[in-house]
Amino acid sequence: MRENEFLNRLTSIAVQLSAERDVEKLLHIILESCIEITNSDAGSIYTVENDELHFEYTLNHSVDFPFSKYAMPLDRQSISGNCALNKTAYNISSMKKVEKLFNIKHNESFDKSVDYRTINMLVVPMMDYYGEVIGVMQLINKKEEGSDITISGKTTVKLPSYTELDEQITSSLASQAAILIARSRLYNDLSNLLDSIISTLSAALELRDPVTAGHSRKVADYAVKLARAVNDDDVIYKDVRFSENQLKELEIASLLHDIGKIGISESILQKQNRLSDEKLNEIEARLYLMGEIIKNGSYSTYKIGFSENVPAFVERIRRISDSNLLEYEDAGFLNELKNESPIRYNGRELYFLNDEEYESLSIESGNLTKEERDLINMHAKYSEEILERIDWGKRLHSVPKIASRHHERLNGMGYPYGLDMTQLSIRERILAIADIFDALTAVIRPYKEAVSKDKAYKILDYEVRIGTLDRNLVDLFKTLE
Ligand SMILES: [Fe+2]
Ligand SMILES: [Fe+2]
């Protein structure tokens, strides 16, 4: 190789190496490049892991043989083991010298099994920034430049020895590769650490609120799928292309969107009926007592009617407490009870229903009072506050913002900030759709049936009509499987 050509080749290897994150591909690039630069016939690469040498990759221009990965102990019983432990490169001009160099015999069994002969070898350690050996590269059988000789077990030809320049260049490339491999491993470790912290946080939330088990993961899956569909769309979203990084931000924001529920009391979060069993038992005992008192006194027709039918009144209150929607007649029934004057007993006034009980029972839909609903709605803001405490770095800095906006609506009627369409990004709109869809279709409780997919789509369409969700995104979402 001419000097110019050689420098160009070195530069291109350096560029190729630094552009690669995949450890396996890095190993391939470094071995192939070093074989080429040194005119070697063959080479192998080992990595050092847990006191073992792992045979990762091999290349041989003369013979073809099936390659399989294996591990051997990291000790002084092999040439590579010596190279790694001594952190030294060895230029072995003849395999006969191995015994003297390392006090071991060169193991010829591998060569024999594939009809090959190792005549000389250059073996270099791959060291990272801390001087830790992360691997060993063996270059085998240097050939004359331009030679196309094929080497077999019977080859007796004399080969040129590896030069000092070969040693310097391969050592320097091996170290560059080692540094990049260490960087990739560090990056992978950090990314795994982040993923495990995120799944721990979302598992912690689901332990507190088992009713929504699996919700975060499903919302994340729906959201990322819809964002990818936006990427694939060449009409409406032809100018929108989310990077893998932006998709990752959306995924994390989706996984943690409800994390603020950690700050909401369990009694509200897990509330299943309008009134707790405890409260219902208390009402039942009071109504039976009132029934007895009324029977023994002189009271209005309504009260007398009540005293003759206490079990039916109690039963109806229990039924209203369990229901999800307040019927018109039940609203009237509750009003009558609430407005009925109290009766006196032992110096106290006994009401059929006190203000708090009435308020809980007369909720129009769902089972939360306005006050409880306001408290639950705080979770989106809490999500933001919790997530803002994490240093997401430049790559993931939008996570808190996207997560906290999943209840914002395009018409400004959402919470916590009442933002409108001019303020909500595509990813924020996507998360809102994914969240609603899963809330509708998930089997939330064993006794509450999930809404079918088609019905959920109709509800999303309705939300589009009243101006809360994005029409184009909902339409695209409905085309996904
Ligand atoms: Fe939420
Ligand atoms: Fe949610």
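**View 1. Packing of helix α7 against helix α19 in the predicted model.** Helix α7 covers residues 215–232, and helix α19 covers residues 471–478. Their axes lie 10 Å apart and meet at an angle of about 105°. Angles of 65 to 115 degrees count as roughly perpendicular, so α7 and α19 are roughly perpendicular to each other.

**View 2. Residues at the contact of α7 with α19.** From α7 come Leu-226, Ala-229 and Val-230. From α19 come Leu-473, Leu-476 and Phe-477. By class, six residues of this contact are nonpolar, with no polar and no charged ones.

**View 3. Packing of helix α17 against α19.** Helix α17 spans residues 426–441. Its axis and that of α19 are 10 Å apart, at an angle of about 50°. The two helices are therefore oblique to each other. The crossing of α17 past α19 is right-handed.

**View 4. Residues at the contact of α17 with α19.** On the α17 side are Arg-429, Ile-430 and Ile-433. On the α19 side are Leu-473, Val-474 and Phe-477. Five residues of this contact are nonpolar, none is polar and one is charged.

**View 5. Domains of the protein chain.** Domain 1 runs over 3–186. Domain 2 has two segments, 209–263 and 372–478. Domain 3 takes in 277–367. Between the C-alpha centres of domain 2 and domain 3 the distance is 41 Å.

Note on methods:
Residues numbered from 1 in each chain as written. Chains lettered and ligands numbered in written order. Predicted model: local features only at pLDDT ≥ 70, side-chain atom pairs only at ≥ 80, totals over all residues. Axes fitted to C-alpha atoms, helices over the stretch in contact; angles between N-to-C directions. Helix = DSSP H or I, 4+ residues; strand = E, 2+ residues; numbered from the N terminus. Parallel < 35°, antiparallel > 145°, perpendicular 65-115°, else oblique. Contact = placed C-beta atoms within 7 Å. Nonpolar A, V, L, I, M, F, W, Y, C, P; charged D, E, K, R; others polar. Domains from an automatic or database assignment. Left-handed = near helix turned anticlockwise from the far one by under 90°.
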